[in-house]
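These are my notes on a single chain. I wanted to look up its charged pairs and one of its helices.

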Amino acid sequence: MADQPKTVTDILAFVEDRDIRFVRLWFTDILGQLKSFSINSAELGDAFEGGMGFDGSSITGFNAIEESDMIAMPDPSTFAVLPWRPEDKGVARIFCDVQTPNREPYEGDPRHVLRRALKRAEDMGFDTFNVGPELEYFYFRNARPEDGVPEILDEGGYFDLTTLDAGSDVRRETVLALEQLGIHVEYTHHEVGPSQHEIDMRYADALKMADDCMTYRITVKEYAMQHGFHATFMPKPLFGENGSGMHVHQSLTKDGKNAFFDPDDQYFLSPTAKSFIAGQLRHAREISPLFAQWANSYKRLVP
């Protein structure tokens, strides 16, 4: 797995040594869409020192035009070289925290929202909130078929390992790219639906995994496009076939131990685990507009 520099000094030296010419500053809007603008690598030192200003008025969930000034503050721990861009005069990316002109965290920045939640968990005595998501997606021949019906690549099913799995090569290249980006992949396989696939990342702390999920999605799409395919994470792109979801494995540690485990409980669940489950059920309505925000999400509610 690629070892990326993580300090400002090391990053600046790496960029100069590798002749990285462009650095993409990444952040997300409130619906989880990846946003980006690119700076010349010569500006990177200034970006680390004072951030880079941008107009947030056209970003979903950000401020109105009269309060549109925003600052993207790069997080050096997220620096990585993009493997799908040319090695000569290369391109790197770095995630940013969004701030107001007063240098306060912007309340609509999803990274800030997650940081707040993690701080609450820390204040309650928990060490780490680990997350291990399973993101499913489809490969299609093209993005906008003339007849409106997506053309699948194969008729494969769950765990199929045959010539039916036409996505094996692009999936392999995607995994290798993710590892270059510092993301550990546990396993990968064909999913239940035709032309449906899954690449599972090893669990990590919640903030890193949130960044990794955004990186995962664009990496899948980039390598699909290189093969002339279109990758989509739509919940229900094919009527009558399995939809795509994102199972999210979650765990809390306290004093270095699994806070969800109780060896004396019938189901091996601690009171903390039961309260955690109850809390997510209690707030399911509030969670749904974020996790299932598209009309297409609800087309899955059929057998």
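I started with Arg-202, which is partly exposed because its relative accessibility is 39%, between the 20% and 50% cut-offs. The model is a predicted one.

Next I looked up the partner of Arg-202. Its side chain meets that of Glu-186 in a salt bridge, at 3.1 Å from N to O. Arg-202 sits in the loop between β9 and β10, and Glu-186 is in strand β8, so the bridge ties together parts 16 residues apart in sequence. Glu-186 is also partly exposed, at 40% relative accessible area.

I then asked how many salt bridges the structure holds. The count is twelve.

I looked up Asp-211 and found a salt bridge to Arg-111, with the closest N and O atoms 2.7 Å apart. This pair links distant parts of the chain: Asp-211 is in helix α5 and Arg-111 in helix α3, 100 residues apart. Are these two residues buried or exposed? Both Asp-211 and Arg-111 are buried. I also noted that they belong to a network of salt bridges with Asp-75, Asp-97 and Arg-115.

Another pair I checked was Glu-151 and Arg-141, whose closest N and O atoms are 3.8 Å apart in a salt bridge. Both lie in the loop between β7 and α4, ten residues apart. Glu-151 is partly exposed at 44%, and Arg-141 is partly exposed at 36%.

Last, I went back to helix α5, residues 206-226. Its 21 residues reach 30 Å from first C-alpha to last, close to the 30 Å expected. Gly-228 follows α5 and has a positive phi, near 85°.

Key. Residues are numbered from 1 along each chain as its sequence is written. This is a predicted model: local features need pLDDT of at least 70, side-chain atom pairs count only at pLDDT 80 or more; totals for chains, interfaces and linings use all residues. Side-chain values use heavy atoms; hydrogens and water are left out. Helices (H or I, at least four residues) and strands (E, at least two) are DSSP runs, numbered from the N terminus. The expected span of a helix is 1.5 Å times one less than its number of residues. A salt bridge is a side-chain nitrogen of Lys or Arg within 4 Å of a carboxyl oxygen of Asp or Glu. Buried means under 20% relative accessible area, exposed over 50%, partly exposed in between (1.4 Å probe, protein chains only).
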